[in-house]
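Work through the exercises below with the sequence and the model at hand. Each task is followed by a solution in steps.

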Amino acid sequence: MTKTTEKPVLKKTGKNGGARPDAGRPAFEASETERNQVETLSGHGLPLDQIAVLVRKGISVDTLTKHFAEELVSGKAKANSQVGRTLFQKAKGGDITAMIWWTKTQMKWSEVQKVEHTGKDGGAIAVSSVDLKGLSDTELAQMQALLTKANGVKE
């Protein structure tokens with residue numbers, strides 16, 4: 001007769017741990033200092049992977065985007081607002097470069113160069129055609145050889 005032993009059944013307690021209470025890594029909690037840091041770095045235009053390296057001793061990009069989504073968006077928006085305000089003030093102050101940039105990007109102005117091709121005295125361009133149906137094969141071959149020579153292509 002074989003003796004079987006039953007394994008004890010461990011019940012999970014809570015939603016974030018293993019079989020023991022308080023098992024596993026604690027949930028990520030962002031500090032106010034980290035939130036300000038992420039917002040500033042995002043506003044300076046750093047890519048997500050570089051921002052993630054600078055938070056604590058480095059966090060994953062997934063953790064960054066999960067816990068700092070608002071700061072990532074607001075940092076960029078605040079920076080864009082400051083740059084836009086400065087550009088607008090320069091344009092209002094008469095800075096020609098700023099004025100041109102503003103009109104092209106914000107007012108959708110563009111520089112258009114209109115090029116028209118016309119014939120003699122501004123009329124239509126004359127197009128003519130040549131009927132080669134009456135030529136023999138020998139004459140067509142001679143014409144082809146002349147055109148090739150005139151175009152500088154060696155046979």
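**Exercise 1. The largest pocket**

Task: Which residues line the largest pocket, and how do the residues of the lining divide into nonpolar, polar and charged?

Solution. 
- Step 1. The model is a predicted one. In this model the lining of the largest pocket consists of Arg25, Pro26, Ala27, Phe28, Arg56, Ile59, Ser60, Thr63, Lys66 and His67.
- Step 2. Sorting the lining by residue class gives 4 nonpolar, 3 polar and 3 charged residues.
- Step 3. The space in the largest pocket comes to about 210 Å³.

**Exercise 2. Arg56**

Task: Where is Arg56 found, and with which side chain does the side chain of Arg56 meet in a salt bridge?

Solution. 
- Step 1. Arg56 sits in the loop between H2 and H3, and Arg56 is also one of the residues lining the largest pocket.
- Step 2. The partner of Arg56 is Glu34, with a distance of 2.6 Å from N to O. This pair links distant parts of the chain: Glu34 belongs to helix H1 (residues 32-43), Arg56 to the loop between helix H2 (48-54) and helix H3 (61-67), and they are 22 residues apart.
- Step 3. Compare each accessibility with the cut-offs. Buried means under 20% relative accessible area, and exposed means over 50%. Glu34 has 10%, so Glu34 is buried. Arg56 has 47%, so Arg56 is partly exposed.
- Step 4. Check the backbone. Arg56 is not a glycine, yet its phi is positive, about 50°.

**Exercise 3. Other salt bridges**

Task: How many salt bridges does the structure hold?

Solution. 
- Step 1. The structure holds 6 salt bridges, among them the one between Glu34 and Arg56.
- Step 2. Lys90 forms a salt bridge with Asp95, at 4.0 Å from N to O. The relative accessible area of Lys90 is 44%, so Lys90 is partly exposed. Asp95, at 28%, is therefore partly exposed.
- Step 3. Glu111 forms a salt bridge with Lys104, at 3.0 Å from N to O. Glu111 has 65% relative accessibility and so counts as exposed. Lys104 has 38% and is therefore partly exposed.

**Exercise 4. The chain as a whole**

Task: How many helices and strands does the chain have, and what percentage of its residues is buried?

Solution. 
- Step 1. The count is 6 helices and 0 strands. Read from the N terminus, the order of elements is α-α-α-α-α-α.
- Step 2. Of the 155 residues in the chain, 15% are buried. Glu34 is one of the buried residues, with a relative accessible area of 10%.

How values were computed: Residues numbered from 1 in each chain as written. Predicted model: local features only at pLDDT ≥ 70, side-chain atom pairs only at ≥ 80, totals over all residues. Heavy atoms only, no water. 1 Å grid on protein atoms, 1.4 Å probe; cavity = no way out; pocket = protein on both sides within 12 Å on 5 of 7 lines; lining within 4 Å. Points joined across faces, edges and corners; volume = space filled by probe spheres on them. Nonpolar A, V, L, I, M, F, W, Y, C, P; charged D, E, K, R; others polar. Helix = DSSP H or I, 4+ residues; strand = E, 2+ residues; numbered from the N terminus. Buried < 20%, exposed > 50% of the residue type's maximum accessible area, 1.4 Å probe, protein only.
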